[in-house]
Amino acid sequence: MTADKTRLDEQQEAPQPEYVEHIARKSVDFAQWYTDVVRKAELADYTPVRGCMVIRPYGWALWENIRDALDGMIKATGHSNMYFPLLIPESLLMKEAEHVEGFSPEVAWVTQGGNQKLEERLAIRPTSETIIGTLYKKWIRSHRDLPVLINQWANVMRWEMRTRLFLRTAEFLWQEGHTFHATDAETVAEVDKMLDCYRALHEDWLAIPVIKGRKTEAEKFAGAEYTVSIEALMSDGKALQSGTSHHLGQNFTRAYDITYADRENQRRYPYGTSWGLSTRVIGGLIMCHGDESGLIMPPRVAPIQVVIVPIYRGDDQRAVVERAVAELKARLDGMRVHVDDRDEKPGFKYNDWELRGVPLRVELGPRDIEAGQAVVVDRLERVKVAVPVDELPRRLGRMLDDFQVKLFDRAVRMRDSFTVEVAGREELLAAYAGGRQALARGPWCGEPSCEAEIKEATHGATIRVIVDDAARGACSWCGRPARHNVYWARAY
Ligand SMILES: [Zn+2]
């Protein structure tokens, strides 16, 4: 941990290095590989603002595609987008005790406006339950005002000491959904529904298989009744919590005194949920799919799905090839296509687009044009196929669909390779011995002290999620009667 921190801090303060092809070997130094890929693929970079990153156009295009996919699901499930203030008065933030305790170490404060010291400090939102609760107190009056189903796309700030591009930054982008309901049953259903949207985003769009489950008391959201999450496994064997959905019970509505009149005109506290997914998912996409050559983009969210590299020598060839490329591009509408007409050698371009993870590369030269074909290379298996130009629009579409499926299957196989069933202390310890990584599944007793002991003994393996409450036999660690089946992993 310490070595990691030092290196990243140095990097942050070092002058910007020149662009070089070289990225660290993934199999040797995963952390450095990750940072190299993010920066050299021009997804994001460090800034002079400690802990805050800049998202560059290629990274932003990726985020837009992810955001649009999720936004579609949020709206299709009946939610509306709106926007709340960035700043939250201290008195509002302090109303829900557990929430305050959970977030206060990470809150950044505004204490001065212009030359004037503020009478009340303003928090830069770490999340918006408190301001939303305060406003909805005014707007929720009757059972007819329920349910409230809203979402905001916003930036939030949590003062992190250690930062890592996309994975852990002081400022990050996310969506936070907030809902209010009359009944507990409806609230439970909402929590599950939104978690399933996150699952669908990961599995159907990002080609990342996930495990759904409930967080332990130690890992749940501060102020929630319970938290459910999706967990994805990265290719270094560590897990990434990739989206969370919280049942807030009546904790916030009581703290903020939000009530409504039910059908019998009785005052009631509504139930609440909140759910969020952030730019962290980009880190997950990189670490799940990337390889020694760099990124691998899932076609459904790839900023560029097909890159065309024209190949020519001299101006005569160039004119012929450029015309053929323009004609081809015009026929590929509906796909995100980029023509690389930079004045660089084809080999440089191939490496560059491999680093950026573009799923399909089309090479088109004079001999191909004569033969009425183009060469297509896929980023995943690097198979070269000659395809008749007339068939390209249909074939490329199909190849992108196949790529998406293969990438998901590959991620499932990768996850399976780390998955182990554990039934006792020796097996659990062995799974993590010598710096080994594992996604260990086994029965657990439910005791927080047992959970903490396992974390200590395995050097950081935590319960990622409780998958069910149907465990039989003995706890994998302490031997007491087991209550839950859980997954353990070290995590980002
Ligand atoms: Zn136990």
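How many of the residues of helix 2 (residues 30-40) are buried? In this predicted model, the count is 11 of the 11 residues, so helix 2 is largely enclosed by the rest of the structure. Here buried means under 20% relative accessible area, exposed means over 50%, and partly exposed covers the range in between (1.4 Å probe, protein chains only). Helices (H or I, at least four residues) and strands (E, at least two) are DSSP runs, numbered from the N terminus. Among the buried residues of helix 2 are F30, W33, Y34, D36 and R39. After helix 2 comes E42, which has a positive phi, near 60 degrees.

Residues are numbered from 1 along each chain as its sequence is written, and side-chain values use heavy atoms, with hydrogens and water left out. Because the model is predicted, local features need pLDDT of at least 70 and side-chain atom pairs count only at pLDDT 80 or more, while totals for chains, interfaces and linings use all residues.

Turning to the overall picture, the protein chain contains 15 helices and 23 strands. Its C-alpha trace spans about 80 × 55 × 50 Å along the principal axes. The radius of gyration of the protein chain is 25 Å, which agrees with the value near 23 Å that a compact globule of 492 residues would have. This radius is taken over C-alpha atoms, and the globule rule is 2.2 Å times the number of residues to the power 0.38. Of the 492 residues in the protein chain, 54% are buried.

C445 is buried at 3% relative accessible area, whereas C478 is partly exposed at 27%.

Charged side chains come next. A salt bridge is a side-chain nitrogen of Lys or Arg within 4 Å of a carboxyl oxygen of Asp or Glu, and the count by this rule is 30. In one of these, D196 pairs with K212, with the closest N and O atoms 2.9 Å apart. D196 belongs to helix 7 (residues 184-205) and K212 to strand 9 (residues 210-214), so the pair ties together parts that are 16 residues apart in sequence. D196 is partly exposed at 29% relative accessibility, and K212 is partly exposed at 36%. Another salt bridge joins R268 and D262, with the closest N and O atoms 2.8 Å apart; R268 is partly exposed at 42%, but D262 is buried at 11%. R395 and E391 also meet in a salt bridge, at 3.4 Å from N to O.

Aromatic side chains complete the tour. A pair of aromatic rings is described by the distance of the centres and the angle of the planes. Rings of Phe, Tyr and Trp (its six-membered ring) pair if their centres lie within 6.5 Å; planes under 30 degrees apart count as stacked, over 60 as edge-to-face and the rest as tilted. The structure holds 6 aromatic pairs. The rings of F172 and W174 have centres 5.8 Å apart and planes at 90 degrees, so this pair is edge-to-face. F172 is buried at 13%, and W174 is buried at 11%. The rings of F252 and Y256, by contrast, have centres 6.4 Å apart and planes at 10 degrees, so they are stacked. Ring pairs also link Y136, W139 and F180 into a cluster.
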